[in-house]
Amino acid sequence: MKNISTSELKKLLAENRGLNIIDVREVAEVSSGIIPGALNIPLGLLEFRMHELDKSKEYIMVCQSGGRSGRASQFLEGRGFNVINMTGGMLDWE
């Protein structure tokens, strides 16, 4: 599984790279803040909403601490998606 740190992601966002970020936290967690441009798909709904994703694109997975996004990354990788897990999660995001 590929990983990216919060500082690396911030650098890419500053460069306007047109990133595809998926936040797998629950809706209540996202209400406290989300990375600009991120799409919220709670982990429990990912299996049912993965048809919304494009296998030709790269996705950066985000959660609170990096655990759920790691599971989401493994799940999607196993189904042919190109994903990167943001380590440290939103706890490391400032």
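**View 1. Charged side chains of the predicted chain.** The chain carries 11 positive and 12 negative side chains, and the centres of the two sets lie 2 Å apart. Lys and Arg count as positive and Asp and Glu as negative, while His and the chain ends are not counted. Each charge is placed at NZ of Lys, CZ of Arg, CG of Asp or CD of Glu. The model is a predicted one, in which local features need pLDDT of at least 70 and side-chain atom pairs count only at pLDDT 80 or more, whereas totals for chains, interfaces and linings use all residues. Residues are numbered from 1 along each chain as its sequence is written, and side-chain values use heavy atoms, with hydrogens and water left out.

**View 2. The chain as a whole.** The chain has 5 helices and 5 strands, arranged from the N terminus on as β-α-β-α-β-α-β-α-β-α. The radius of gyration, 12 Å, is close to the 12 Å that the globule rule gives for 94 residues, so the chain is as compact as a globular protein of that length. That radius is taken over C-alpha atoms, and the globule rule is 2.2 Å times the number of residues to the power 0.38. Helices (H or I, at least four residues) and strands (E, at least two) are DSSP runs, numbered from the N terminus. The C-alpha trace spans about 30 × 30 × 20 Å along its principal axes. Of the 94 residues, 38% count as buried; buried means under 20% relative accessible area, exposed over 50%, and partly exposed in between (1.4 Å probe, protein chains only).

**View 3. Strand E2 and its two partners.** Strand E2 (residues 20-23) runs parallel to strand E4 (residues 58-62), joined to it by 4 bridges. In this pairing Asp23 stands opposite Val62 of E4. E2 also pairs with strand E3 (residues 39-40) in the parallel sense, over 2 bridges, and here Ile22 stands opposite Leu39 of E3. Two strands pair if DSSP finds at least two bridges between them.

**View 4. Strand E4 beside strand E5.** Of the 5 residues of E4, 4 are buried, so that the strand is mostly covered. E4 and strand E5 (residues 82-86) run parallel and are joined by 4 bridges. Met61 stands opposite Asn85 in E5.

**View 5. The surroundings of Ser69.** Ser69 belongs to helix H4 (residues 67-77) and counts as buried because its relative accessibility is 0%. Leaving aside neighbours within four places in sequence, Ser69 is in contact (heavy atoms within 4.5 Å) with Val24, Met61, Val62, Cys63, Asn85 and Met86.

**View 6. Gly33 in a loop.** Gly33 lies in the loop between helix H2 (27-30) and E3. With a relative accessible area of 27%, Gly33 is partly exposed. Not counting residues up to four places away in sequence, Gly33 touches Arg25 and Met90. Gly33 and Leu53 are 20 residues apart in sequence and 23 Å apart in space, C-alpha to C-alpha.
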